[in-house]
Amino acid sequence: MNLEIQVGTPHLVIHHGDAVFLTDPDGQVEDGGDHGLLFRDTRLINVWRLYADGAPWELASGGTVAHYWMQVFLTNPMIPTQHGEVPARTIGLALSRWMDGGIHEDIDITNFGSKPAHFNLELMLRSDFADLFEIKAGRFVRRGRITTDWEEPTQQLRSEYRNVDFVRALTLTARADTRAVFANGRLSFDVRLPPGGRWHACMLTDLHDGSETLSAPQACAHASDTSAVAAQLAAWREDATKLSSSNEEVYRLYRQAVDDIAALRMPLACDGVTSLMPAAGLPWFAALFGRDSLIVALQTAPVTLTFARGALDMLGAWQSEERDDYRDAEPGKILHELRRGELAHFKLVPHTPYYGTADATPLYLVTLHAAWKWCGERALLERHLATAEKCLDWIDNWGDRDGDGFQEYQTRAKSGYENMGWKDAGDAVLYPDGTLVKGPKALCELQGYVYAAWQGMAEIFEAVGRADRAAALRAKAAALFDRFNEVFWDEAFGGYVYALDGDKRKVLTSASNVGHCLWSGIVRPDRAARVVERLMGPDMFSGWGIRTLSASHPGYNPYSYHNGSVWPHDNGLIALGLRRYGFAAEAARVARAVSGAAAFFALHQMPELYAGLSKDAAPFPVQCVGANVPQAWAAGSAFAFITALLGLAPDAPNGVLRVDPALPSWVPDLRLDGVSFNGERFDLQFRRVGESTTVEVLTGNPAAVVQAPADA
């Protein structure tokens with residue numbers, strides 16, 4: 001008999017807009033941990049506990065119903081009271097919590113016993129107003145003042161934190177069958193239940209940041225499925241491209257990815273424009289990011305252009321106009337991360353925003369080109385061309401620090417990031433002996449991103465009538481291609497090197513980064529097979545996906561952040577690169593490995609990363625401690641794998657959607673409904689017939705869909 005194993009995180013998390021509520025599996029928050037209610041990078045609740053006459057409740061079961069709604073069922077231990085003992089497990093407590101702006105909590109208590117029950121229900125609530133950076137660091141310094149006021153007539157508890165002009169606050173309003181009293185940091189309710197009796201309370205929590213209040217929804221949780229946030233989710237699902245397949249694993253992975261991306265939507269405003277952006281991941285990255293947002297925009301382009309449009313607007317609005325070494329900012333650079341907590345407000349951290357990323361700027365250009373290829377809108381180019389010009393200037397004048405034609409990075413800030421590629425952990429770039437690489441560092445994938453950016457922008461400039469600019473960029477791209485393949489290739493090593501160090505020495509380390517070079521197209525075609533062979537070798541391919549670092553490297557640690565773990569988004573981009581160079585079987589193998597791993601995770605919800613343990617040693621994937629779930633580009637990997645399997649290559653400016661499907665035997669059929677291309681919706685049916693795959697256009701102009709390789 002096969003035992004079904006589900007791997008998941010030991011917590012519950014719900015999210016909407018700017019707020020994230022992270023709890024233990026029982027829906028509660030213990031003191032001293034990193035859980036709680038986070039609102040705009042500040043923790044408004046660090047303790048949320050229920051008691052019955054001082055006794056804690058016991059968990060029966062709990063889970064998230066939707067990204068904005070959790071429900072937990074608790075029962076009682078034996079409760080000694082002045083009115084007699086309440087026998088264990090005779091009282092049921094259902095806690096429902098849902099978010100739409102603020103938070104609405106329902107507490108429903110039922111006496112299933114044969115005798116009356118009389119006890120005090122106590123809610124312990126504490127607010128430390130810790131900054132997110134301090135929560136993660138485990139070191140908290142109180143800089144301002146907390147005040148708490150209880151108004152008995154209105155049954156309102158308000159806690160406020162103020163440090164000069166920085167304000168965060170919450171207001172909790174209790175509406176219960178019996179009135180609350182407040183003392184010693186606890187709201188207490190007198191609960192008297194006959195056999196079969198029921199008691200109900202609503203807790204409505206409004207969130208404040210000093211200038212704006214997000215009010216709690218008034219309706220109880222059972223009505224949340226008809227709420228505005230539920231309607232928004234339903235509209236998102238309806239608008240997004242839909243997938244169906246006889247392979248249930250692929251269908252569930254895709255459907256959960258659509259819901260995870262929906263859960264991470266954040267409306268952000270800048271210069272009077274509000275855009276939908278993806279939060280990078282929960283619980284720690286509900287903020288505007290550069291690289292993450294752009295990669296998610298690229299992944300989701302076949303499903304929706306919402307994020308591409310939002311990323312281009314919002315990141316363009318925050319494009320740096322000056323050099324500021326504290327924030328690693330330079331003219332034309334695209335930001336890395338924007339935070340809104342106390343430390344950022346008083347500029348005690350550089351995230352105001354922080355620009356310590358070397359890849360977001362070329363990826364902005366790659367995203368602009370990709371979005372245009374899907375929609376064909378000249379207005380999109382005109383809207384963002386000025387930003388793109390500044391990005392190109394940054395690549396030439398700042399990204400290439402020493403004028404050697406390659407992109408390098410090194411922080412100028414005391415608190416800046418050591419590494420500014422997607423592997424931005426401080427220990428992510430290693431020499432073959434395991435020591436840290438000396439900067440400035442020229443990562444291999446950065447060169448590929450710039451190559452793709454120049455190629456794409458050449459096509460854009462040609463479309464807007466600037467042939468001279470297009471020719472110049474194509475010449476630069478060709479020169480970079482030749483120079484990269486001369487310098488970054490090492491015959492004795494057997495492939496492309498990880499990076500060049502500060503002395504221009506080759507870093508002969510096998511890492512997944514070279515797979516991004518396949519994605520960008522900078523790999524010389526006659527060398528692609530050797531790159532693929534290296535990536536699919538047993539030290540790189542774990543069976544659950546391609547590792548970030550070779551298992552043969554002395555720095556390998558399967559549980560580390562970037563030195564041996566498996567990242568789904570990394571594998572998705574590599575799969576696209578494999579397919580670009582004609583390695584369809586290998587792309588399918590990578591897709592199968594990661595989708596197979598997803599089947600073990602609770603709800604098929606793809607985590608940020610998981611351990612790089614070999615499938616031979618780990619018959620199910622092992623989730624890494626602290627991995628964000630849901631996480632935007634992890635969810636987006638599902639769309640990247642589908643794009644790779646189907647060989648989707650849009651060319652809206654020329655009215656052609658090229659497809660080159662190569663479904664593997666484990667996906668005999670796949671249908672996409674509602675593909676938005678060039679202002680039209682398409683329904684496409686793909687079927688594997690023998691060793692080939694056919695495509696049928698069910699809805700849309702059949703002449704617009706051409707079955708041919710992307711470069712045909």
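**Close-up views of a predicted model**

View 1. Leaving aside residues up to four places away in sequence, A575 touches A587, F641 and A644, where contact means heavy atoms within 4.5 Å. The model is a predicted one, in which local features need pLDDT of at least 70 and side-chain atom pairs count only at pLDDT 80 or more, while totals for chains, interfaces and linings use all residues. Residues are numbered from 1 along each chain as its sequence is written, and side-chain values use heavy atoms, with hydrogens and water left out. A575 belongs to helix α13, residues 568–580; helices (H or I, at least four residues) and strands (E, at least two) are DSSP runs, numbered from the N terminus. With a relative accessible area of 0%, A575 is buried (buried means under 20% relative accessible area, with a 1.4 Å probe and protein chains only). The C-alpha atoms of A575 and S637 are separated by 9.6 Å, although these residues lie 62 residues apart along the chain.

**View 2. Packing of helices α4 and α5.** Helix α4 (residues 291–300) packs against helix α5 (residues 306–317) at an angle of about 155°, with the axes 8 Å apart; axes are lines fitted to C-alpha atoms over the stretch in contact, and angles run from 0 to 180 degrees between N-to-C directions. The two helices, α4 and α5, are therefore roughly antiparallel to each other, a term that applies to angles over 145 degrees. The contact is formed by S293, L294, V296, A297 and T300 of α4 together with F307, A308, A311 and L315 of α5.

View 3. Strand β33 (residues 669–677) and strand β34 (residues 680–689) run antiparallel and are joined by eight bridges, where two strands pair if DSSP finds at least two bridges between them. R671 stands opposite Q685 in β34, and in the hairpin of β33 and β34, which has two residues between the strands, N678 takes a positive phi near 55°. Seven bridges connect β34 in the antiparallel sense with strand β35 (residues 692–699), and R687 has T694 of β35 as its bridge partner. The hairpin of β34 and β35 likewise has two residues between the strands, and there G690 takes a positive phi near 65°.

**View 4. The open sheet of β31, β32 and β36.** Three strands form this open sheet in the order β31-β32-β36, with mixed pairing. The edge strands, each pairing on one side only, are β31 (649–651) and β36 (705–707). Strand β32 (residues 656–659) pairs with β36 in the parallel sense over three bridges, and L657 stands opposite V705 in β36.

Conventions: Buried < 20%, exposed > 50% of the residue type's maximum accessible area, 1.4 Å probe, protein only. Parallel < 35°, antiparallel > 145°, perpendicular 65-115°, else oblique.
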